[in-house]
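This report describes aromatic ring contacts and the charged groups placed over aromatic rings. The structure is shown below.

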Amino acid sequence: MEVSSKLRRRQRQVLFFFFLLVLSVAGAVDSRHYSVVEEKEGISFVTNLAKDLGLEQLELSKRGVRVISKGNKPLLQLNQETGDLWLNEKLDREELCGHTEPCVLHFQVLLESPLNIYQAELQVLDINDHSPVFLDKEIVLKVSESSPIGTTFPLRNAQDMDVGENNINNYIISPNSYFHVLTRKRSDGKIYPELVLDKALDREEEAELRVTLTAQDGGSPPRSGTAQVHIEVLDINDNAPIFEQSVYRAQVSEDSPTGFLIITVTATDIDLGVNGEISYSLFQASDDISRTFEIHPLLGEIRLKEQLDFEKIQSYEVNVEARDAGSFSGKCTVLIQVLDVNDHAPEVTMSAMTSSIPENSPETMVALFSVSDLDSGQNGKVSCSIPEHLPFFLKSSVENMYTLVTEKPLDREGTAEYNITITASDMGTPRLQTQHTITLQVSDVNDNAPEFTQSSYTLWVRENNSPALHIGSISATDRDSGSNAQLTYSLLPGPQPGPDAAAALVSINADSGQLFALRALDYEALQAFEVRVRAADRGSPPLSSQALVRVQVLDANDNSPFVLYPLQNASAPCTELLPRAAEPGYLVSKVVAVDRDSGQNAWLSFQLLKATEPGLFSVWPHNGEVRTARLLSERDAPKHRLLLLVKDNGEPPRSASVTLHVLLVDGFSQPYLPLPDAPAPKRAQPDRLTAYLVIALAAVTSLFLLSLLLFVAARLCRRSRARSLAGCALPDGPLPAHLLDVSGTGTLAHSYQYEVCLQGGAGTNEFKFLKPGFPNLSPQVPGNELEGMPSFRNSLGFNIQ
């Protein structure tokens, strides 16, 4: 009962989703309209579906009426007994639809038996449950006192979550003598307030105003919201700037840096706001003054624009103008006196200089120079120095003459370039100094061998590659420069020369180190090989180094599976015998195949493509065993032809087909029935592997037949017709029973043992297999007992049961 109930419930779900799909494509056949007011507390009655659908109350439960709402949260509840449709919870129209009007919720009414679907919609009606709200509680409005009467000033509107009549429809302002408010409407239907100036403003009389702006909606009762409007009256420009001093005086040293603050001038304006903002500038300045000084336009700071020189100009007179935002301005004069200092730095004069010296050289002269200073006394005495960490030193020769010499041999690989700064300082107060920088290049000598980035490299290439395929690159570096660092790559000859040597399989680009395969590689013949690579520079004498490159050949799925058994190119097809008494799972034969590839390219699977009797045979996909899938019947054909597919797991997969002939017999003594002649396959040139397999199978079969004949002949010779036939319960007399072992060769996959006894008094060499023994068969393979099978005479003249 529980299974039947689950089945019916699943069928209903399938029908439900199917008809929902039909409903979404075809559209609604009928539509019902209902409405409910938002914010209604508790469970609210919507309608009686039984009356709306014209049904009796008892029909609702019989027809399986269901209400389907969109979304995961059911809002509607149906009383199956009365047909009343109720609203489960209080609705908030603003939460459901926002400003969308009308707010409609769609649902469906489903009648399951017979099936009928009705579209319905529930409109949520708005109530005035939200008051207008201003985003800014205080609105700041700046109005110039010169604004004419009638000027309008738009303000930001308020917002109301309600819609329709419950939304904002009017703005009012608190009583005042300067402004009134107008309610304007935009193109999108929203209204906004606009202040209108009724009376001229005077900042000196009243500098600011505060009024209250109220937004009202059209609900019943109406709701409202307020915001404060702060009106600032802006001043007009009617006063000129005035400097604190008419004349300013300042002193500055001639060594003051650029940007140095000389003096700050200050002016004031009694106007407010923009009218009181002052900007400073140089008034009627000459080119010399404009080039030497600058003034900050807002702060009045006068700074140096370039270096002063007391020897050229000792004083400056600078005129400054202060201007407000209008047309008013004021002026003052700044007198600047320049103070003399020790402003002449020493001079360095180069007489001789070497820009490049070879590395590893002994003590070598780099430069010869002299120093001088235009000042006198202590300010004219000069001393020279270089940084201590450099491998150089200064030698003083005649007065104010110096020689720069290397201290030890230089190494270009350690430092290829030296920036030598010669510092000349005088003895003045403050001390002045001059620095002169010499750039010395260290030329290269070939004293570094190339170095490979790795001591050994491993490259991968897939077999069957195209010739001249780029399989990878090697790289080496040389710390030298120029031609001493230009590298040439080459392959070193291997220990085994010849066409299969590694050097004959790859080549290398002498300039880039890129390796190329010279011919297509075969993974089945060669999985990996190694080659040594040399990198030599072009120095004199050249230096070189070596690296080992190992090339791994990756397997490709380029070999199809080869069927070892049954052979498909034999002169006669291989036929398997199947007793009609075989149980399901009886082993008929086993397909044996191999694949020359490796890895997953050699993983084989077996599949039964076609059979004379579908469903009678099955093949195990992993081992190729062909077994019976059911019991045999008298109606089954005596001859069967099976077409099997052997497929590897490569990408793309390769496959081979094999045909298996099966003959149904009533017992193993039934004469062999040949299969119908099949069209002779086209002879193909067998390869060496196929020839070896054919010879091996022929040899094994011959040995088996010869051993069987010798065994039977020996048994027959030992026995005498006069001996007692005890142990053999045959109608003609007992004969001793013996076990005959038949190995699992040929078409049999297991070893079989039969009880053989000779029938006496018949005058013939006939013997019978009374009962087979299965020492090697597993319990999962029944149906191998051959008792009760009718005897038949084989080609050797024996009767076998």
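## Aromatic pairs

A search of the whole structure finds seven aromatic pairs, where rings of Phe, Tyr and Trp (its six-membered ring) pair if their centres lie within 6.5 Å, and planes under 30 degrees apart count as stacked, over 60 as edge-to-face and the rest as tilted. One of them is the stacked pair of Phe369 and Tyr402, with 5.6 Å centre to centre and 20° between the planes. This pair links distant parts of the chain, 33 residues apart: Phe369 belongs to strand β26 (residues 365-372) and Tyr402 to strand β29 (residues 401-406). Strands (E, at least two residues) are DSSP runs, numbered from the N terminus.

Phe369 counts as buried because its relative accessibility is 0%; buried means under 20% relative accessible area (1.4 Å probe, protein chains only). Tyr402, at 14%, is buried as well.

The rings of Phe452 and Tyr457 form an edge-to-face pair, because their planes lie at 75°, with the centres 6.4 Å apart. Phe452 is buried at 14% relative accessible area, and Tyr457 is buried at 5% relative accessibility.

## Charges over rings

Lys331 lies over the face of Phe283, 4.8 Å from the ring centre. The criterion is NZ of Lys or CZ of Arg within 6 Å of the ring centre and within 35 degrees of the ring normal. The charged end of Arg627 is placed over the ring of Trp620, at 4.6 Å from its centre.

## Basis of the values

The model is predicted: local features need pLDDT of at least 70, side-chain atom pairs count only at pLDDT 80 or more, and totals for chains, interfaces and linings use all residues. Residues are numbered from 1 along each chain as its sequence is written, and side-chain values use heavy atoms, with hydrogens and water left out.

Technical notes
Helices (H or I, at least four residues) and strands (E, at least two) are DSSP runs, numbered from the N terminus. Buried means under 20% relative accessible area, exposed over 50%, partly exposed in between (1.4 Å probe, protein chains only).
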